[in-house]
Amino acid sequence: MTSAMIDSDLVDNANRTAMDGLKADYDYLGTALARRGIDIDAVKRKVKAFGVAVPSWGVGTGGTRFARFPGKGEPRHIFDKMEDCGVIQQLTRVTPTVSLHIPWDRVDDISALREAGDRLGLGFDAMNSNTFQDQPDQAHSYKFGSLTNTSSAAREQAIAHNIECIEIGRKLGSKALTVWLGDGSNFPGQSHFTRAFERYLSSMREIYKALPDDWRIFTEHKMYEPAFYSTVVQDWGTNYIIATELGPKAQCLVDLGHHAPNTNIEMIVARLIQFGKLGGFHFNDSKYGDDDLDTGSIDPYRLFLVFNELVDSETAGIEGFHPAHMLDQSHNVTDPIESLMVSAMEVVRAYAQALLVDRRALSAYQEENDALMATSTLKTAFRTDVEPILAMARLEKGGAINPVSAYRASGYRARVARERPAVTGTGGGIV
Ligand SMILES: [Mn+2]
């Protein structure tokens, strides 16, 4: 039996009030979809099976390199973070796992962390290593890189840290390690591109060797920042080379914010799927760069187009296709719990919309070079308001029809603000 962070009676009462309206909306949508040859219950079943991981670092207020404005009742440590993640899952029922970050989430008693997960009904998704900042007790600085540092001692330290992340993850039931590093250079000539990449591959091969058989390693590319001239793993081409060089357990992670503006990300997704190298996602949104804005807040159509590629592959039944879904965003002006709930729902919304695409018609229009009807086929799915499907799925899984209003009515934030003294120095983290 899992323990609920929010009073279940409060959720049930709110659901009862909203239930008649939801049933009417669901039936109406079901009738409309039936005319398009779509079984609404079949879509709902898929939605109920969908999950996206919450990043542990997301439940604290983020911040920028200019300032950080702490919120009330911020989590003090991973156990508080787990409780906040428990709220998100209790109300949305679409975030069954948490993605941990080491060392921010390092604990002495790993079994206590696992028990917290069991109690809250949360599993552990991909582990995230951190060699983009120095820890107080470390021997070698990462100022000039970690896995690609010219110093072999610094590289060894970074390798050992990643292996430690695997060891912690094994004890928690995680099955993947995500590696993002900030290594790069700020001046032309500062770093030898080829030698730095050789050092990278050599370090990653050591980490790869430590992977259990049933694990995957995700490498995450990012165009720039913190290095502003060159970044070692800067784009999906380099990422694909890495995954190919390392072996079958290595796959590419696509963070939606880590590309140049206007990049056709859904096409990158299709390429990586085609060659078996799509590992998963960090979902967020951006306007200018790696803004870490809330998923779907700027360009929900792009999110839909990404899911259109994913559903296309899911429908085709590609063997071994199971991309990891994770959120990765920074919350500066909202309650992180609310942002993460809304963002998780935006992810599953895009999935549900993509399930509505008439793929047979689309394929025929593509063959006939009927550009207008092909794109209209996508738009028809995107324009469909799938909220009744999402809400019904939440309700049937024990969640809230209206998660944000249930959360606000619960007074959770005010309660934890009394229990958790304000902290100012916690790492926000944009990875
Ligand atoms: Mn990321």
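This is a predicted model: local features need pLDDT of at least 70, side-chain atom pairs count only at pLDDT 80 or more; totals for chains, interfaces and linings use all residues.
**Entry 1**

**Entry 1: the six-stranded sheet**

Next I traced an open sheet of 6 strands, and I wrote down its order as β4-β5-β7-β9-β10-β11, with parallel pairing.

I followed β4 to its partner. It pairs with strand β5 (residues 176–179) in the parallel sense, over 2 bridges. Here I marked Asn128, which stands opposite Thr178 in β5.

Then I looked for helices on this sheet. I found helix α8 (residues 265–274) packed on it, touching β9 and β10 (278–283), and its direction makes about 170 degrees with that of β9. I also found helix α7 (residues 236–246) lying across β7 (216–220) and β9 (250–255), where it runs at about 160 degrees to β9.

**Entry 2: α4 against α5**

I turned to a helix pair. The axes of helix α4 (residues 110–120) and α5 come within 9 Å and cross at roughly 45 degrees. I therefore logged α4 and α5 as oblique to each other, and their crossing as right-handed. On the α4 side I listed Ile110, Leu113 and Arg114; on the α5 side I listed Ile168, Lys171 and Leu172. Sorting the residues of this contact by class, I got 4 nonpolar, no polar and 2 charged.

While on α5 (residues 152–172), I stopped at Ala160, which sits in this helix. Is Ala160 buried or partly exposed? I have 13 C-beta neighbours inside 10 Å for Ala160, so I put it down as partly exposed. I also took a distance from here: the C-alpha atoms of Ala160 and His192 are separated by 24 Å, and the two residues are 32 apart along the chain.

**Entry 3: α2 against α13**

My next pair was helix α2 (residues 40–48) with helix α13 (residues 387–396). Their axes come within 9 Å and cross at roughly 60 degrees, and that makes α2 oblique to α13. I noted this crossing as right-handed. In the contact, Ile40, Val43, Lys44, Val47 and Lys48 of α2 meet Ile389, Leu390, Met392, Ala393 and Glu396 of α13. By class I have 7 nonpolar, no polar and 3 charged residues there.

How many of the 10 residues of α13 are buried? I have 7, and I noted the helix as mostly covered. The buried ones on my list are Pro388, Ile389, Leu390, Ala391, Met392, Ala393 and Arg394. I then looked up what they pack against, and found α1 (8–35), α2, α3 (78–92) and α10 (336–355).

Conventions: Residues are numbered from 1 along each chain as its sequence is written. Two strands pair if DSSP finds at least two bridges between them. Helices (H or I, at least four residues) and strands (E, at least two) are DSSP runs, numbered from the N terminus. Two residues are in contact if their C-beta atoms, placed from the backbone, lie within 7 Å. Axes are lines fitted to C-alpha atoms, for helices over the stretch in contact, and angles run from 0 to 180 degrees between N-to-C directions. A residue is buried if 20 or more other C-beta atoms lie within 10 Å of its own, exposed if 12 or fewer, and partly exposed in between; C-beta atoms are placed from the backbone. Angles under 35 degrees count as roughly parallel, over 145 as roughly antiparallel, 65 to 115 as roughly perpendicular and the rest as oblique. A crossing is left-handed if the near helix is turned anticlockwise from the far one by less than a right angle, and right-handed if clockwise. Ala, Val, Leu, Ile, Met, Phe, Trp, Tyr, Cys and Pro count as nonpolar, Asp, Glu, Lys and Arg as charged, and the others, Gly among them, as polar.
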